[in-house]
Amino acid sequence: MLNYVWLALLLLGIGAAVTTDVINQSNNKYKNDYQITAQVLYKKGFKYQENSDVKLKIKSSEFNRVYSENGAQDIIVDAKSSFDKKGNRNILFFKVDKTFPKIWQEMAAASGKEDDLTGYMNIREPISDSSSNAALVLEKVSFTKTKQVTNSALEYAGTAVNIALGLIGIMALWLGLMKIADEAGLIKIIAKGLKPITTRLFPEVPADHPAMGSMIMNISANMLGLSNAATPFGLKAMEELDKLNTNKGTATNAMVTFLAVNTAGMTLIPASAIAIRAAAGSADPAVIIGTSLFGSTCATIAGLSAAKLLGGTSFKMGFFEYLKAHFKGIVVSILALAAIISIIASGVFAKVNFGAGFAEYFKIIVQYFSVFAIPLIIISFVGYGAYKKVKVYEHFIEGAKEGFNVAIRIIPYLVAMLVAIGIFRAGGAMEWLIYILQPFTNLIGMPAEALPMALMRPLSGSGSLGVMAETMKVHGPDSLIGIMTSTFFGSSETTFYVLAVYFGSVNIKNTRHALPVGLIADVAGTLGAVFICKLLFG
């Protein structure tokens with residue numbers, strides 16, 4: 001299924017870009033060859049045949065007339081003027097920043113460097129000894145979206161390689177420590193302690209198998225927000241799970257279930273979202289701890305349920321046979337979920353304050369765990385290894401070598417997925433998707449302004465971080481929209497990235513039902529976040 005999704009991302013992104021460019025070209029959106037009436041401000045003694053620094057002024061009424069916009073302010077910009085003898089005109093060069101109208105920002109980005117615009121002007125009658133009227137014609141701009149797609153594809157390919165190379169050191173460290181713990185028998189002890197839970201989640205995996213310990217470490221690190229430790233543990237878990245795989249290249253049920261937990265993104269402290277909220281001036285940045293936990297819990301329950309139900313249809317037992325065999329468990333689960341939703345909907349929890357008091361106390365406790373977790377893991381693994389007479393240094397080096405190989409192996413998978421996501425975003429297909437889904441989001445009460453964040457989160461971590469920051473800048477971090485978008489970030493994961501990295505590390509090409517499971521978890525997390533945010537802050 002990942003093949004079709006990857007192909008769809010590419011085709012939709014490129015198709016949207018070409019369609020948009022053709023429409024813009026036919027409508028002459030960027031007003032190629034249009035003359036803009038402007039004023040040139042200069043120092044006394046200015047000679048237009050010489051190179052000099054000038055100021056260019058365009059009145060808002062003239063800008064609005066040319067570009068059919070409303071609300072633009074007068075533009076005054078420093079420019080460099082040079083005389084073109086052949087054309088008997090002045091060439092202008094100036095820089096465009098984020099304070100300029102959006103259409104000029106788009107034109108600058110399409111012309112080469114992101115902040116440069118050039119054009120030519122014919123100086124007309126002087127107004128005074130330091131200013132003259134002029135006719136300005138900016139450089140021709142065309143196929144902006146297609147150029148953005150090209151630039152984005154190259155940029156994301158480089159980003160993918162940088163991510164993989166950045167993982168080498170982290171992978172070497174944690175897989176080296178895992179090798180020590182494995183040789184000392186510590187992983188088996190941890191797995192044995194959590195056997196009642198893990199054997200129900202992963203019945204196909206023997207309770208004492210090394211994969212259990214790696215999965216437990218991964219899930220624990222994720223919950224504490226230790227993503228730099230969680231990824232190596234997760235990749236090691238996939239490697240161990242693949243050893244149990246009798247059909248190489250095809251995902252097992254255990255793999256899909258494990259990734260369902262990962263894509264649900266349950267974290268006790270959504271540190272990145274809290275940091276962005278604090279930077280945006282929130283009065284209570286940590287207020288999203290409770291809402292994020294609720295959303296990620298919904299995502300986890302939905303992801304695990306989907307993994308079990310869809311996994312049951314992939315083997316000898318058919319879907320209806322599976323329902324019949326597990327009818328009691330399914331009914332009990334549905335009734336329990338309905339009871340929880342009914343209790344919440346009744347308003348019992350509406351008076352619960354997830355604000356400063358509770359959230360700050362909870363945040364401090366978890367932060368202590370987060371600060372001391374990594375040093376504690378290192379000293380525990382190495383110390384226990386030394387106690388068990390394990391040659392800790394030699395085994396650390398042996399495990400670290402595996403980390404290097406895994407990081408290099410995921411590069412092609414990361415490049416393929418990130419380039420497709422980059423093209424999808426740059427081409428404008430995201431805007432199309434938002435337009436299509438808006439009637440549904442209006443039906444469930446999700447503000448239209450929060451929809452871009454909900455759609456971006458499964459695709460890109462950095463992209464969703466940017467969308468969240470921009471949304472809070474416009475609407476405020478403590479508004480319903482600001483809280484909801486930051487809850488989306490704190491209660492889900494970048495599904496496509498997780499699938500590409502984890503499956504790529506063990507060369508899985510047939511992902512079976514992993515993507516639907518991940519997307520179901522994303523939808524459930526989003527709906528849960530909308531529900532709890534509307535309940536408490538709506």
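1. Contact here means heavy atoms within 4.5 Å. In that sense helix H2 (residues 60-67) lies across S1, S2, S3 and strand S6 (131-138), and runs at about 150° to S1. Please keep in mind that this is a predicted model.

2. Helix H3 (residues 102-110) also packs on the sheet. The strands touched by H3 are S2, S3, strand S4 (89-95), strand S5 (116-128) and S6. The direction of H3 makes about 125° with that of S5.

3. How do the strands close up? Six strands form a barrel in the order S1-S2-S3-S4-S5-S6, with antiparallel pairing. On average, and with direction ignored, neighbouring strands of this sheet are turned by 45° against each other. As background, the strands of a sheet pair through backbone hydrogen bonds, in either a parallel or an antiparallel way.

4. Three bridges pair S2 with strand S1 (residues 36-41) in the antiparallel sense, and Leu41 stands opposite Lys55 in S2. Towards strand S3 (residues 75-84), S2 has seven bridges, again antiparallel. Asp53 has Lys80 as its bridge partner in S3, and Ile58 stands opposite Ile75 in S3.

5. Which residues of S2 lie on the covered face, and which on the uncovered one? Ser52, Val54, Leu56 and Ile58 make up the covered face, while Asp53, Lys55 and Lys57 are on the uncovered face.

6. Turning to the helix pairs, helix H1 (residues 2-27) and helix H16 (residues 411-427) have axes that come within 7 Å and cross at roughly 30°. Angles under 35 degrees count as roughly parallel, so H1 and H16 are roughly parallel to each other. Their crossing is left-handed.

7. H1 contributes Leu2, Trp6, Leu9, Leu10, Leu12, Gly13, Ile14, Ala16, Ala17 and Thr20 to this contact, and H16 contributes Ala416, Met417, Ala420, Ile421, Ile423, Phe424 and Gly427. The residues of the contact of H1 with H16 comprise 14 nonpolar, three polar and no charged.

8. Helix H20 (residues 480-490) packs with helix H22 (residues 514-537) at an angle of about 145°, the axes being 9 Å apart. H20 passes H22 in a right-handed crossing. On the H20 side the contact residues are Leu480, Ile483, Met484, Thr487 and Phe488; they meet Thr526, Ala529, Val530, Cys533, Lys534 and Phe537 in H22. Eight of the residues in the contact of H20 with H22 are nonpolar, two are polar and one is charged.

Technical notes. Residues numbered from 1 in each chain as written. Predicted model: local features only at pLDDT ≥ 70, side-chain atom pairs only at ≥ 80, totals over all residues. Heavy atoms only, no water. Axes fitted to C-alpha atoms, helices over the stretch in contact; angles between N-to-C directions. Helix = DSSP H or I, 4+ residues; strand = E, 2+ residues; numbered from the N terminus. Left-handed = near helix turned anticlockwise from the far one by under 90°. Nonpolar A, V, L, I, M, F, W, Y, C, P; charged D, E, K, R; others polar. Buried < 20%, exposed > 50% of the residue type's maximum accessible area, 1.4 Å probe, protein only. Pairing = 2+ DSSP bridges. Parallel < 35°, antiparallel > 145°, perpendicular 65-115°, else oblique.
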